[in-house]
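User: I would like to learn how to read side-chain surroundings and aromatic pairs in a model. Could you take me through them step by step?

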Amino acid sequence: MFVQLKDVWFKYSHTDWILKGISMKFGRGIFAIVGPNGSGKTTILRVICGFLKPRKGSVFVLGRKVQSYKDVIGKVIYVPTNPTVFVIGPIVYNEFMKISKTLGLEKSIDEIFEELNIKELRNRRIFNLSEGQLRLVSIALAAFSKVDVLLLDEPTVGLDRVYRDKIMEIFKQIKNKVVIIATNDLRLATRVDYVYAINEGQVISEGSPSKVFYDKKVIEAIGAPEIVTFARRIGLSGVLTPQQLAKILREM
């Protein structure tokens with residue numbers, strides 16, 4: 001496993017436990033951590049990248065025990081919910097140059113702009129970007145850098161379907177990495193390889209999206225994607241996309 005959490009417990013001083021014996025494993029692929037607000041999703045990401053130290057338990061990245069953020073420098077990139085903390089500019093192109101010099105890029109800057117169809121953003125100032133453009137730039141910077149693990153906190157907040165689709169296209173190009181997404185966006189979470197559902201600091205379900213999002217415990221804790229709700233009403237299970245639903249209905 002590239003990333004592993006073993007019986008991790010975490011709390012701040014004078015608070016209740018946020019993580020209560022969390023154990024998770026992440027290999028290559030795209031993973032989602034879903035759960036209600038306050039369930040511990042962001043805390044898990046910050047523990048993995050060494051910003052927070054567990055009170056009990058252990059975290060390993062590429063076989064090395066994580067004691068602080070220094071242990072994962074050059075191996076892990078964390079993109080927080082607010083991308084302006086990650087992308088500071090002042091020019092979009094400058095950001096890619098900085099990543100290229102410090103971590104290296106897996107493709108040339110021109111290739112990245114061409115493939116993502118964002119050439120018009122090359123010389124734009126960061127503070128002039130829309131929220132969707134800013135999130136897309138921050139994720140592209142992280143995804144194409146030469147690190148092994150990407151941690152993304154709510155990457156699709158406020159985005160429409162066009163930008164969600166563009167972000168998923170980026171993920172499809174980097175299957176050699178570990179991508180861990182903390183999200184409340186169930187439309188995004190249904191499109192990943194593996195899901196961990198958490199509630200009150202504990203894992204309540206894990207597995208493929210088709211397994212997790214039909215799990216009664218998950219539905220009670222965080223709800224269900226609209227298509228899952230519809231499929232359950234007509235007695236179906238395992239359906240996550242309109243294409244799957246259409247195929248089943250044609251065969252009925």
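**Reading a side chain and its rings**

Analyst: The backbone nitrogen of Lys 217 lies 2.9 Å from a polar atom of the Asp 215 side chain. This is a predicted model, in which local features need pLDDT of at least 70 and side-chain atom pairs count only at pLDDT 80 or more, while totals for chains, interfaces and linings use all residues. Residues are numbered from 1 along each chain as its sequence is written, and side-chain values use heavy atoms, with hydrogens and water left out.

User: With which side chain does the side chain of Asp 215 make a polar contact?

Analyst: A polar contact is a pair of N or O atoms within 3.5 Å; within protein, one must be able to donate a hydrogen and the other to accept it, and residues adjacent in sequence count only if both atoms are side-chain atoms. Here the partner of Asp 215 is the side chain of Ser 205, at 3.0 Å.

User: Does Asp 215 count as buried or exposed?

Analyst: Buried means under 20% relative accessible area, exposed over 50%, and partly exposed in between (1.4 Å probe, protein chains only). Asp 215 counts as buried because its relative accessibility is 15%.

User: How is a pair of aromatic rings described?

Analyst: A pair is described by the distance of the centres and the angle of the planes. Rings of Phe, Tyr and Trp (its six-membered ring) pair if their centres lie within 6.5 Å, and planes under 30 degrees apart count as stacked, over 60 as edge-to-face and the rest as tilted. The structure holds 8 aromatic pairs; one of them, Trp 9 with Trp 17, is edge-to-face, at 5.3 Å centre to centre and 80° between the planes.
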